[in-house]
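Subject: Handover of a two-chain model

Dear colleague,

Please find the structure below, with the sequence alongside. My notes on what was found in it follow directly after.

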Amino acid sequence: MRLTDLPNNEWHAIERLDGPEEDCRRLLDLGLTPGEEVAIVQIVPLGDPLVVSIRGTRLALRRREASWICVQ
Amino acid sequence: MRAVATPKQPESKTLTVCLVGMPNAGKTTLMNVLTGSSLHTANYPGVTVTLSEGKSKASFGEPLNIIDLPGVNSPFSPSQEEELSCQVLTGKHDLVKPHAFILVVDASQIERHLKFASFAARQGKPIVIALTMMDLLERVGQTLDPQKLSQALGLPIIPIDPRTGDGAAELIKVLHKTINQPTKSNVLENLSDEPIEAYNVIRKILNEHKVITSTNPQLARQQDNLTSHIDSFVLHKFFGFPIFFIILSLLFASIFWVAQPFMDGIDNGFKWASENLVQLLGDSILIKFLAEGIIQGVGAVAVFFPQIVILFFLMTLLEDSGYLARGAALVDRPLSFLGLHGRSFVPMLSGFACAIPAVMATRAIPSKRERLLTIGILPLMSCSARLPVYALLLAALFPAESAWKAGIVLTAIYFASLLISSLIAGLVSRLAYRRRSLSLLAMELPAYRIPQWKPIAYLTWSRSGSYLKKAGGPIIIISAILWLLANFGFGSQQTNPTNIANSANSTISAVSANKPLIVKSELDNSFAAQIGKTMEPLLLPMGVDWRVGVGLISAFAAREVFVSTMAIVFHVPGEDEEAQQEGLLKQMRSATMPNSTSHVFTPASIIGLIIYFFFSLQCLSTVAVVRRETNSWSIALVQLFFYTVLGYLLAVSVVQGLRATGIA
């Protein structure tokens, strides 16, 4: 299941990241690592980007980037 | 023309330390607490990034030289700013070679920040951790024990309270100790480079040593409720954009209206100085050069200083409070559609005040392609130097009783600049980068905080000062050259009387008997006029004569110089400003084309000039800054020619088109 398929504020643990290698590496560095709980907490007015909560911080991720996050 | 501060390698054994950390860790605030008034910005040769540097306060013990490095999100495929910090950290930078690092770690984001800290710790230099944002922990229902953390990591950790400055003296003391007797080994340096494992180890250490305790079990997953609440308004489906536009309108309103009295004051001050210098010391050529060339050139720069200060102050305020990142998130979608990036937002916003700080602000854009594209459209943002030009031209276009029409047109010009730059960005990104690989947004939205005034004041001041340095030099030099061109001419040159037949008080300068090659001339006979007259075949299709051409050339120093040049070429005696503006408008309305009775300033030619100024890159300082920031003459020159030629061609087509439809 992908994070972008879930409704807002539904928390799931990350399973893996499935996207371009270099970009995923940066996302991992930012704390989006497998096992960690993540949720979309808000959607910015035009529908993109999404605000994703991870490790106590909020990241603005484009829909495309958030769709790389596979959750359990 | 760069003011190069020689990099300070320790004279008399002053040790150098660098502040590093992730963005929003509170580095700037800490820098301010540590160094106080000794802070200054230093340009290091070979790097475009300006670093702030200062000595730690004497009250904290033996002073240290402290350099603040730009924040790093990830050392992996870094932006230009991040790359510099990484170079210094890994010891690859030629000039900045610190003895130790202060790692700034946000206590409310401890895992992510320790992950970055491990990168720094691996480099083998002495390290002290400064723990910030302890007050934010309360909001997320946690407490953190710095002593336990220090034991767990094997590193000295000093909590800092930026409001009171508590911890700063301790930090400096511990730094000296650590440099003299480096800690043997620490946990962070053995952490894997691989993020998944590194994060797992960090969590394990934090749990084993019971570093963090939850004070409010209700607050799950460290959610910061205050930030969530504010975001639910600020990024609200319906309110998000209205709030955004209100904030932007307030920003622009202050830039233009709050700055106005200061600008008038500065303008009058320089005029006064220039006039008094001539009165006091006589009007020899040298004094006139000083008064009109140099002092007024400095004035042309200084007059925009209030706007720049207000712009930087408000931007820093928005940045510090956390809103700027939200603004960037709001516009990321439309901007990325155009091939730009959410982070292009801040440069574009600054571009409405001045393209120079705007170009410098593009360094935070991670991908090179998006950065170049942003730089590419910045000259179209309607900068404040265009405002006096538009004001004059619109006043000439509309009679005083329908001034409201000028207001509407001016607003339309601002929107058009946004629209057309979007169009150009969209076209270029689709044509030139057809198979573009998309960049990453992944931008942190920091917790909302009450801004800290002292660091904001300092940042405002240093950013404004850096603008003055970068923009000031070229403008002053160019205005000095232009003054010389406007005041000297070939001695043997005879004026063609018909060319100046219509200028009101034309006086042909007495050419001295022995006819030296270059003599002091009236404007009509000067090099500038020569250039203008040579250009006339190009100017006639735009519906204007050589005098306007002189104005267009002089506007390359700074666009607003066009207005004062118009006053000179149309011989308006310069006394008080209102009379001058009135007189100028009158002269402009009655001016006629050479060898003809048709007017120079007709609705068609004025509209043509507005279009020309709208597009044309009439600002050599921008060219200089673009060249420095992109490290490429060809980008800077292509941009200069593209916009200037585009402006010219569009102006000519519109003027000719209007004339064809019967509008003179």
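Two strands are said to pair if DSSP finds at least two bridges between them. Helices (H or I, at least four residues) and strands (E, at least two) are DSSP runs, numbered from the N terminus. The model is a predicted one: local features need pLDDT of at least 70 and side-chain atom pairs count only at pLDDT 80 or more, while totals for chains, interfaces and linings use all residues. Residues are numbered from 1 along each chain as its sequence is written, and chains are lettered from A and ligands numbered from 1 in the order in which they are written.

Chain A

Chain A contains two helices and five strands, arranged along the sequence as β-α-β-β-β-α-β. Its radius of gyration (taken over C-alpha atoms) is 11 Å, close to the 11 Å that the globule rule (2.2 Å times the number of residues to the power 0.38) gives for 72 residues, so chain A is as compact as a globular protein of that length. The C-alpha trace of chain A spans about 30 × 20 × 20 Å along its principal axes. A residue is called buried if 20 or more other C-beta atoms lie within 10 Å of its own, exposed if 12 or fewer, and partly exposed in between, with C-beta atoms placed from the backbone. By that criterion, 50% of the 72 residues of chain A count as buried. Two residues are in contact if their C-beta atoms, placed from the backbone, lie within 7 Å. Among the contacts in chain A between residues at least 6 apart in sequence, 52% join residues at least 24 apart.

Strand E1 (residues 12-17) of chain A pairs with strand E2 (residues 37-43) of chain A in the antiparallel sense, over two bridges. There, A:His12 has A:Val38 in E2(A) as its bridge partner. E2(A) is also joined to strand E3 (residues 50-54) of chain A, by five bridges and again antiparallel, with A:Ile43 standing opposite A:Leu50 in E3(A). E2(A) and E3(A) form a hairpin with six residues between them, and A:Gly47 in the turn has a positive phi of about 90 degrees. The loop between E2 and E3 of chain A also holds A:Pro49. The peptide bond from A:Asp48 to A:Pro49 is cis, with omega near -5 degrees.

Where the chains meet

How many residues of chain B are in contact with chain A? The answer is 35 residues of chain B, in contact with 32 residues of chain A. Several elements of chain B each supply at least two residues to the side that touches chain A, among them helix H3 (110-121), helix H9 (240-281) and strand E10 (443-445). H8(B) gives the most to this side, with four residues. The residues of the side of chain B that touches chain A divide into 15 nonpolar, 11 polar and nine charged. In this classification Ala, Val, Leu, Ile, Met, Phe, Trp, Tyr, Cys and Pro count as nonpolar, Asp, Glu, Lys and Arg as charged, and the others, Gly among them, as polar.

Strands also join across the two chains: strand E4 (residues 57-61) of chain A and E10(B) run antiparallel and are linked by three bridges. In E10(B), B:Leu445 is the bridge partner of A:Arg58.

The buried residues of H8(B) are B:Thr227, B:Asp231 and B:Val234. Seen down the axis of H8(B), these residues fall within an arc of 65 degrees (the arc of the directions from the helix axis to the C-beta atoms), so they line one face of the helix. They pack against E2, E3 and E4 of chain A together with H9 and H12 of chain B. The face of H8(B) turned away from its buried side carries the exposed residues B:Asn225, B:His229 and B:Phe233.

Chain B

The domain assignment of chain B, which is automatic or from a database, gives domain 1 (16-222), domain 2 (240-413) and domain 3 (453-660). The C-alpha centres of domain 1 and domain 2 of chain B lie 36 Å apart, and the contact takes four residues from each of these two domains.

B:Asn24 has a positive phi of about 65 degrees although it is not a glycine. B:Asn24 lies in the loop between strand E1 (16-21) and helix H1 (27-35) of chain B, and counts as buried with 23 C-beta neighbours inside 10 Å.

With kind regards
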